[in-house]
Amino acid sequence: MPDLTSFIIVGGGMAGAIAAQTLREEGFDGRITLLGQEPNAPYERPPLSKDYLQGKADRDSIFVHPEQWYAENAVELSLGGAVTSLDPALRTVTTAAGTQLHYDKLLLATGSEPRRLDMPGADLDGVYYLRNVEDSERIKIKFGGARRVVIIGAGWIGLETAAAARTAGLDVTLLVSGDMPLQHVLGPEVAPVFAELHRNHGVDLRYRTKAAELAGNHGAVTAALLSDGTRIETDMIIVGIGAAPRTELAAAAGLKIDNGLLVDEHLRTSDPDIFAAGDIAHAYNPRLGRHIRVEHWANARRQGAVAAKAMLGQDAADVRPSYFYTDQYDLSMEYTGDIGPAGYDRVIFRRHADSREVIVFWLYEQRVQAGMNINIWDVAEDIERLIQSPRQINADDLADPAIPLASFL
Ligand SMILES: Cc1cc2nc3c(=O)[nH]c(=O)nc-3n(C[C@H](O)[C@H](O)[C@H](O)COP(=O)(O)OP(=O)(O)OC[C@H]3O[C@@H](n4cnc5c(N)ncnc54)[C@H](O)[C@@H]3O)c2cc1C
């Protein structure tokens with residue numbers, strides 16, 4: 001019997017799982033092996049800081065595919081062991097257990113990992129990071145017995161865990177390193193929406209403040225000492241200071257690294273048989289005319305599909321605007337778009353009769369760069385089409401909710 005063509009996927013997250021699915025959907029009948037470091041089959045991370053952390057979603061609901069899907073689709077899952085080396089010349093990968101596997105095409109989808117604190121006390125018990133389902137479970141259990149939490153970092157993870165902690169009844173202190181939470185993502189015009197949301201829910205926001213040291217007793221954290229000299233007693237710390245792409249395997253193999261694994265629009269690395277997708281991929285986007293790296297769920301899904309098609313020799317690329325969402329307390333929002341290096345020159349608030357319902361648009365030279373719909377649904381597609389439209393838009397008209405979005409297309 002002739003050898004089957006063998007495709008290997010390293011990384012059992014969203015991008016890896018969707019790539020395997022797409023390969024089969026596109027008719028690939030060779031061997032697919034998905035190698036994952038975690039003991040679990042691929043699952044979705046967004047619930048880990050939202051419904052799953054709050055005990056509103058059960059474990060079964062977070063998986064990308066049901067357990068039997070892998071056998072039904074002849075996808076060989078090898079879990080619980082990292083791939084430790086990659087040899088592009090021999091076209092092999094080697095696992096921690098010492099198994100060497102040959103590939104014809106390889107997809108690297110190793111995701112990212114939380115940046116760690118580097119300060120006295122960082123290793124104390126009671127200091128939590130949130131990346132994996134086990135992290136979420138540990139935090140959920142600790143919420144049950146704790147009274148106070150200090151959250152270091154006011155990005156998406158910091159804000160979502162703050163909302164979950166308040167919902168669980170804890171006193172929450174949130175350390176914001178800059179002037180506002182999310183200011184670098186949303187700008188000074190829109191970031192206050194999130195600051196106010198958390199203030200209204202009783203979170204103690206400390207601006208322009210960082211942790212300098214963590215103090216403990218019998219190995220467990222008891223206080224955070226802040227850069228302004230304040231001491232905050234606490235039962236636990238959650239760290240949300242960003243994530244870094246897991247490029248160590250690719251770097252050691254000599255692939256080109258630059259803010260992630262550098263890939264072209266077809267997600268091909270500097271080696272023609274190796275592709276990358278998801279959080280690690282710093283991908284060329286032909287619509288924007290530059291490389292971008294996106295640490296969001298929709299990007300991992302889309303790039304998983306694009307990489308699979310490109311591995312099959314198809315002319316695939318993802319040129320859609322970036323998309324992400326968040327849920328905090330009673331606020332749900334979707335954000336679509338990419339603000340370029342030129343930035344934006346106008347921010348429009350399109351407020352609906354119900355004051356909780358708003359669409360925010362960021363414009364540059366009368367063209368929509370990004371839009372965020374808060375507590376309004378079924379508009380993300382229109383926002384995406386507006387971003388892709390070459391038409392110049394009258395900003396004052398766009399702010400008027402009586403004028404339908406479709407009329408700007
Ligand atoms: C708590 C949390 C909440 C989030 N919420 C949102 C949200 O609301 N909206 C949104 O858009 N995005 C959200 N994200 C981001 C989103 O989940 C990620 O962008 C997405 O998971 C990226 O998918 P990925 O497949 O690239 O990587 P990952 O999901 O990180 O998967 C990579 C996998 O590869 C494995 N791996 C790494 N190295 C190796 C190796 N050498 N060998 C074998 N396996 C390896 C890792 O263990 C991991 O299982 C959230 C992320 C987190 C952590």
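**Contacts and overall form**

Author: In this predicted model, Lys 105 touches Ser 6, Phe 7, Ile 8, Pro 272, Asp 273, Phe 275 and Met 311, leaving aside residues up to four places away in sequence.

Reader: Which side chain forms a polar contact with Lys 105?

Author: The side chain of Asp 273 does, at 2.9 Å.

Reader: And where is Lys 105 placed in the secondary structure?

Author: Lys 105 belongs to strand β7, which covers residues 105-108. Its C-alpha atom is separated by 8.3 Å from that of Arg 91, 14 residues apart along the chain.

Reader: Turning to Thr 326: is it buried or exposed?

Author: Thr 326 counts as buried because its relative accessibility is 0%, the cut-off for buried being under 20%. The residue lies in strand β22, residues 323-328.

Reader: What does Thr 326 touch?

Author: Beyond residues up to four places away in sequence, Thr 326 touches Lys 50, Trp 156, Glu 160, Phe 194, Leu 331, Ser 332 and Met 333. With Glu 160 there is also a polar contact between side chains, at 2.5 Å.

Reader: Now the backbone. What is the phi of Arg 208?

Author: Arg 208 has a positive phi of about 50 degrees, although it is not a glycine. Most residues other than glycine have a negative phi. Arg 208 sits in the loop between β12 (204-206) and β13 (211-217), and it counts as exposed because its relative accessibility is 55%.

Reader: What about Asn 259, and where is it placed?

Author: Asn 259 is in the loop between α6 (248-252) and β18 (261-263). Its phi is also positive, near 50 degrees. At 42% relative accessibility, Asn 259 counts as partly exposed.

Reader: Let us move to the whole chain. How many helices and strands does it have?

Author: The protein chain has 9 helices and 26 strands. Of its contacts with a separation of 6 or more, 60% are between residues 24 or more positions apart.

Reader: How does the radius of gyration stand against that of a compact globule?

Author: The two agree, because a compact globule of 409 residues would have a radius of gyration near 22 Å and the protein chain has 22 Å. Its C-alpha atoms fill a box of roughly 65 × 65 × 35 Å along the principal axes, and 53% of the 409 residues count as buried.

Reader: Finally, how many charged side chains are there?

Author: The protein chain has 39 positive and 56 negative side chains, with the centres of the two sets 3 Å apart.

Definitions and conventions
Residues numbered from 1 in each chain as written. Predicted model: local features only at pLDDT ≥ 70, side-chain atom pairs only at ≥ 80, totals over all residues. Heavy atoms only, no water. Helix = DSSP H or I, 4+ residues; strand = E, 2+ residues; numbered from the N terminus. Rg over C-alpha atoms; globule rule 2.2 N^0.38 Å. Buried < 20%, exposed > 50% of the residue type's maximum accessible area, 1.4 Å probe, protein only. Contact = heavy atoms within 4.5 Å. Lys, Arg positive; Asp, Glu negative; His and termini not counted. Charge placed at Lys NZ, Arg CZ, Asp CG, Glu CD. Polar contact = N/O pair within 3.5 Å; in protein donor to acceptor, adjacent residues only side chain to side chain.
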